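Please open the model in your viewer and keep the selection panel at hand. The stops below are meant to be taken in order.

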Amino acid sequence: YVLVAITLVVVAIPEGLPLAVTIALAYSMQSMLEDNCLVRNLASCETMGGANAICSDKTGTLTTNKMTVVQGWVAGTNFLRSGFGVEGVPGALPLDPEQPPSSPLMPAGSCPPPLDMSPAVWNQLCDALCFNSTCEEVVTRKGRQWVGGNKTEHGLLQFLRQCGADYRTLRHAVEPSQVRVYPFSSLRKRMTTLVTKGQQQMVYVKGAAELVLLDCDHVASPDGLSVPMTDDMRQSLLETIAQMASQGNRTIAVAMTRQDRAPFPPDAPELPLTLLALFGIQDPIRPEVPQAVRQLRRAGIDVRMVTGDNLLTATAIAQKCGLLSPTYAPEAVLEGPEFRRLAAQDPAELLRRLPALRVIARSSPTDKLTLVAALMHEGDIVAVTGDGTNDAPALKLADVGFAMRTGTDIATGASDMVLMDDNFASVLRATVWG
């Protein structure tokens, strides 16, 4: 009987079937490349056709990753830039700087302050933004481009440039040995830089607005002095942050303090800070994303967004993308700390909430991995997007991992496909080919 069974199997399966399957997958791979999907794992072409859950980043995938300062608060003065479709807080002053590319820039320390801002405040803001950043502006055949750092830093330095200030004069005036940069921490949601000037050491911090605000016990006054922050001031600032975030803007706080000169510590110091500025930074939705989300939902595929932005920003973006309805259920949204608490202490409750969950805000590097593992535990076929080194475990674990062309080599190495245009709509096209 064994020989008969083997004979039946051999006869039933044509010799050319494996070759035909391989050719079909290879054809799909070539066609997908034309749709901006570089396939690294042939089997993932077929797997993507059965996916029923997609976990996506926000910045650069659902959005264009072009950061622009559209509103802000600087030492007690609110401002708003027109033409970006946002509303300012009551009493916000109009600010529409636009330095022509051919106009010469002035040193950041001597550029005339905008908004009738005092020179002391303007100089402090220029120092904080220029030193606490790792990006550079270079001129290429394609024009002026920002390299290094991240897109948030590009937007902040571009804001200075549009005000006519040149960040390079400040950076080059200080010896590199007198500057210590502590890179952005995904856990603490901030970046810190120490600059030694004479017998003092300046501490500059920028990061998630509501989290940096927790460490601020003073606030910069309009004349550049540091005054104690009252409860009323703190509440007003929280309302300003909420107003910015509710319109889908990323909210960034810039703070500083001084300390006596000392050797640079191995880790970023945690000190009481003086709040200097709040910025609302717009990152527009990719125009094709809402339609792609609707098509995926009609196909029975659930799309979830995992982002480090705060809850208000995340929900506003999710509504614009079509991930959330205007009257979404509370269970559709979770913040990172609550998600991690449920995963560690009440996994049954987390699994119960998974079907309705659409947005995780203020996520940590491990949240995406936890989410993918939970969905796969429930039997879903999961695709996930990621561009950073921290995304590699989730990309490797998922049934199909999508890395970004602009992502790290480690993320690319852990992925099954690479989105050559960093666009969520390309995930839809990969699903169609699958």
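The tour of this predicted model goes through helix pairs and then salt bridges.

Begin by selecting helix 9 (residues 289-298) together with helix 16 (residues 425-433), whose axes come within 9 Å and cross at roughly 35°, the crossing being left-handed. Showing side chains here brings up the contact, made by A292, Q295 and L296 of helix 9 and by A425, L428 and T431 of helix 16; these residues divide into four nonpolar, two polar and no charged.

Next, select helix 11 (residues 336-345) and helix 13 (residues 367-377), where the axes come within 11 Å and cross at roughly 50°, so that the two helices are oblique to each other. Helix 11 contributes G336, F339, R340 and A343 to the contact, while helix 13 contributes D367, T370 and L371, and by class this contact has three nonpolar, two polar and two charged residues.

Staying on helix 11, pick E338 and R341, whose side chains meet in a salt bridge at 2.8 Å, N to O, and which lie three residues apart, about one turn of the helix.

D391 lies in the loop between strand 20 and helix 14, 23 residues apart from K368. D391 counts as buried at 12% relative accessibility, and K368 counts as buried at 4%.

Finally, select R171 and E136, a salt bridge with its closest N and O atoms 3.1 Å apart. R171 is buried, whereas E136 is partly exposed.

Technical notes
Residues are numbered from 1 along each chain as its sequence is written. This is a predicted model: local features need pLDDT of at least 70, side-chain atom pairs count only at pLDDT 80 or more; totals for chains, interfaces and linings use all residues. Side-chain values use heavy atoms; hydrogens and water are left out. Axes are lines fitted to C-alpha atoms, for helices over the stretch in contact, and angles run from 0 to 180 degrees between N-to-C directions. Helices (H or I, at least four residues) and strands (E, at least two) are DSSP runs, numbered from the N terminus. A crossing is left-handed if the near helix is turned anticlockwise from the far one by less than a right angle, and right-handed if clockwise. Contact means heavy atoms within 4.5 Å. Ala, Val, Leu, Ile, Met, Phe, Trp, Tyr, Cys and Pro count as nonpolar, Asp, Glu, Lys and Arg as charged, and the others, Gly among them, as polar. Angles under 35 degrees count as roughly parallel, over 145 as roughly antiparallel, 65 to 115 as roughly perpendicular and the rest as oblique. A salt bridge is a side-chain nitrogen of Lys or Arg within 4 Å of a carboxyl oxygen of Asp or Glu. Buried means under 20% relative accessible area, exposed over 50%, partly exposed in between (1.4 Å probe, protein chains only).
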